[in-house]
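I opened my notebook to look up a few things in one protein chain. Come and read along with me.

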Amino acid sequence: MSGWRGLVVPLGVLTAAEVAALAAGLQSDSLARPSEIAAAAGVALVDGTILRATLQTLAAAAAGLAIGASLGLALGILLGLFRTAGRLAEFSVEAFRPIPSVALIPIVLLIFGFGYRMEIAIVAFATFWPILILTQTAIAGIEPRLLEVSRALGFGLGRRVAKIVLPAALPRLFVAFRLAVGIALIVAVTVEITGNTLGLGYALMDAQQSLRPALMFALLLWVGLVGWGLNALLLWAQARLFGPAAMVEARP
């Protein structure tokens, strides 16, 4: 029951907006009543427009996330295990990490042109850094005696990572992955607004340029619902895999 209480404020705001728009006789090319937004969302769901754009965005976000997370995980493990390498890479990481991913659009456009390859490359860049940094931090938090035991047993790097590092750091790595999923969706939609003619971002721009504010706001709200749904799914998986302790640790 407590989960439904969070709907009180948004429903109240939507009701107030509907009443205010009706009272003012709203006729606008940039605003729409909540009832019009709901109607536009229903039409877009029935004809498949929203679902098709959602699948396109999620496919690009997932591909970029797979590349960025894989590279970030591998490098984060190496920098976490070998402290000298971590100190040597510190300046480079801190110099490149603050670069906004969307600032790469002009450069990546020159390399890949418009389309999915550009979007995937930028999503990969954006998700690489949080995975790298949080993986390195997770490795640093492993009990040092576990690593000492693995050395005493003569484990090579591969066995040390598989037997000691990943099992010990997995709950924190999952939190990093959950963060990266949100970043991937945000960056994918942003790139589609400027550099891809498919996906939710392009659908948003197309609705805005064709003066269909109801559809534009419906798409905007849908992006939020998709992000909420992905996070809820990952929170459920996190609780099932690692139990309540991991959930408490993951909260800010």
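Predicted model: local features only at pLDDT ≥ 70, side-chain atom pairs only at ≥ 80, totals over all residues.

My opening question: does threonine 57 count as buried or exposed? I looked up its relative accessibility and found 1%. The limit for buried is under 20%, so threonine 57 counts as buried.

**Around threonine 57.** I placed threonine 57 in helix α3. Next I listed its contacts, leaving out residues up to four places away in sequence: Leu185, Ala188, Val189, Glu192, Gly199 and Leu200. I then checked the side chain of threonine 57 and found that it reaches the backbone nitrogen of leucine 200 at 2.8 Å.

**Another residue of α3.** I moved on to leucine 75, which also lies in helix α3, spanning residues 49-81. Leucine 75 has a relative accessible area of 34%, so I wrote it down as partly exposed. I found leucine 75 in a nonpolar surface patch with Leu78, Phe82 and Leu157. Together these four have about 310 Å² of accessible area.

**A backbone angle.** I looked at leucine 211, in the loop between α9 (200-209) and α10 (213-250). Its phi is near 55°, a positive value in a residue other than glycine.

The chain averages a pLDDT of 83, and 90% of the residues score at least 70. Among the elements, I noted the highest mean pLDDT for α3 (92) and the lowest for helix α7, residues 144-152 (72). I marked residues 248-252 too, where pLDDT stays under 50. For that stretch the model has four contacts beyond four places in sequence.

Key: Residues numbered from 1 in each chain as written. Heavy atoms only, no water. Patch = residues over 30% accessible without salt bridge, like charges linked within 9 Å, V, L, I, M, F, W, Y side chains within 5 Å. Areas by Shrake-Rupley, 256 points an atom, 1.4 Å probe, with all protein chains shown as cover. Salt bridge = Lys/Arg side-chain N within 4 Å of Asp/Glu carboxyl O. Helix = DSSP H or I, 4+ residues; strand = E, 2+ residues; numbered from the N terminus. Buried < 20%, exposed > 50% of the residue type's maximum accessible area, 1.4 Å probe, protein only. pLDDT = per-residue confidence, 0-100. Contact = heavy atoms within 4.5 Å. Polar contact = N/O pair within 3.5 Å; in protein donor to acceptor, adjacent residues only side chain to side chain.
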